[in-house]
Amino acid sequence: MTSTTVTMGKGCWLGFDLGGTKMLATVWDGKFKSLGSERKKTKGFKGAQTGLERMMDTIDEALSKADRSKEGLAGIGVACPGPLDLEKGILIDAPNLGWRNVPLRKELGKRYGCPVVIANDVDAGVYGEYRFGAGRGARCVVGVFPGTGIGGGCVYEGRILRGRKSSCMEIGHIPLIPDGPLCGCGRRGCLEAVASRLAISSAAAAAAYRGAAPVLLEKAGTDISRIRSGVLRASIEGGDRAVEEIVRLAAQHLGVALAGVIHLLGPEVVVLGGGLVEALPELYLKEVSHAVDRRIMAGFAGTFKLATAKLGDDATVKGVAAWAMEEIASRVAAGS
Ligand SMILES: [Zn+2]
């Protein structure tokens with residue numbers, strides 16, 4: 001790989017994923033082979049301090065499973081949801097965790113005595129796919145992950161594309177439909193408002209209520225919190241045409257937004273992942289690809305590959321550890 005692997009090859013790296021319903025810590029060797037992992041529930045306790053303690057417990061147990069001590073750690077990468085201060089390593093706000101202004105870099109650095117890098121969790125997942133998965137070695141990789149929201153990220157010439165202080169690539173909030181449905185961000189007509197799992201589930205629940213989706217009605221009723229990706233798939237496979245149309249339309253909306261992103265960035269690989277794509281990979285690949293093909297300029301045709309994510313849950317926790325190695329090496333090279 002790069003010189004980073006050579007200079008940073010000693011010791012092990014810890015990747016931490018704070019983004020899911022469970023926190024996940026994995027210890028990796030210098031070649032990113034997994035040495036040991038630990039998961040703990042993310043919810044069920046309140047306050048930053050308790051959360052930090054739970055994070056540290058998770059790290060300690062992962063280290064013990066990997067049969068490594070903290071002295072063996074070359075660095076820690078933490079993948080976080082929500083707005084971040086990337087330079088200072090502060091998690092500014094994570095509503096799903098109830099955390100505000102948590103100085104992760106400082107606190108973990110003090111406890112483990114090694115450099116700590118934080119990254120947006122979607123960016124870390126895209127970096128993982130760039131290094132080890134569907135986007136391996138590409139000059140530009142764009143990742144789109146439709147789930148409860150719609151996450152996006154981009155690795156451009158080996159670096160995560162980012163904003164001045166925090167992450168960028170908010171694909172879910174590309175304005176798509178003027179005066180369209182209200183989005184969670186408070187604006188109207190964002191991609192997320194018409195194509196996220198939440199948008200799909202609420203349209204599907206309405207279809208079930210109207211009697212147009214009998215399989216869905218039987219499996220999950222009309223409660224949108226129960227209409228998850230696997231249930232949507234079962235409903236489509238069971239013959240609910242109305243639900244299939246809802247999901248196809250959402251995938252087409254995704255393709256329209258993606259066509260814009262392709263024009264701006266000219267990626268070689270577009271990685272589709274997340275719960276909906278994992279549940280319905282063929283449907284997503286087909287609809288997104290048709291919608292993109294109908295809208296891109298002729299010069300972009302055939303310049304990129306649309307692929308499904310390869311690494312699953314490992315993308316983020318492996319990606320963020322590899323990104324920490326890359327970032328720390330570039331800080332060393334820059335003398336800071
Ligand atoms: Zn929005």
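Tyr127, Tyr130 and Trp323 form one aromatic cluster. This is a predicted model, in which local features need pLDDT of at least 70, side-chain atom pairs count only at pLDDT 80 or more, and totals for chains, interfaces and linings use all residues. Residues are numbered from 1 along each chain as its sequence is written, and side-chain values use heavy atoms, with hydrogens and water left out.

Confidence comes next. pLDDT is the predictor's confidence in each residue, from 0 to 100. The protein averages 93, and 95% of the residues score at least 70. Residues 1-9 stay under 50. For that stretch the model has 14 contacts (heavy atoms within 4.5 Å) beyond four places in sequence.

Back to the rings. Rings of Phe, Tyr and Trp (its six-membered ring) pair if their centres lie within 6.5 Å; planes under 30 degrees apart count as stacked, over 60 as edge-to-face and the rest as tilted. The whole structure holds three aromatic pairs. One of them joins phenylalanine 32 and phenylalanine 132: it is tilted, at 5.5 Å centre to centre and 50 degrees between the planes. Phenylalanine 32 sits in the loop between strand S2 (22-28) and strand S3 (34-41), and phenylalanine 132 in helix H4 (residues 121-132), so the pair ties together parts 100 residues apart in sequence. Helices (H or I, at least four residues) and strands (E, at least two) are DSSP runs, numbered from the N terminus. Buried means under 20% relative accessible area, exposed over 50%, partly exposed in between (1.4 Å probe, protein chains only). Phenylalanine 32 is buried at 5%, and phenylalanine 132 is buried at 17%.

The rings of tyrosine 127 and tryptophan 323 have centres 5.1 Å apart and planes at 65 degrees, so this pair is edge-to-face. Tyrosine 127 belongs to helix H4 and tryptophan 323 to helix H12 (residues 314-334), so the pair links parts 196 residues apart in sequence. Tyrosine 127 is buried at 1%; tryptophan 323 is buried at 5%.

Now helix H11. Its buried residues are Leu283, Tyr284, Glu287, Val288, Ala291 and Val292. Seen down the axis of H11, they fall within an arc of 140 degrees, so they line one face of the helix. That arc is taken from the directions from the helix axis to the C-beta atoms. The face turned away from the buried side carries the exposed residues Glu282 and Arg294.

Last, the cysteines. A disulfide is a pair of cysteine sulfur atoms within 2.5 Å. The whole structure has zero. For cysteine 114, the nearest cysteine sulfur is that of cysteine 12, 9.0 Å away. Cysteine 114 is buried at 9%, while cysteine 185 is partly exposed at 29%.
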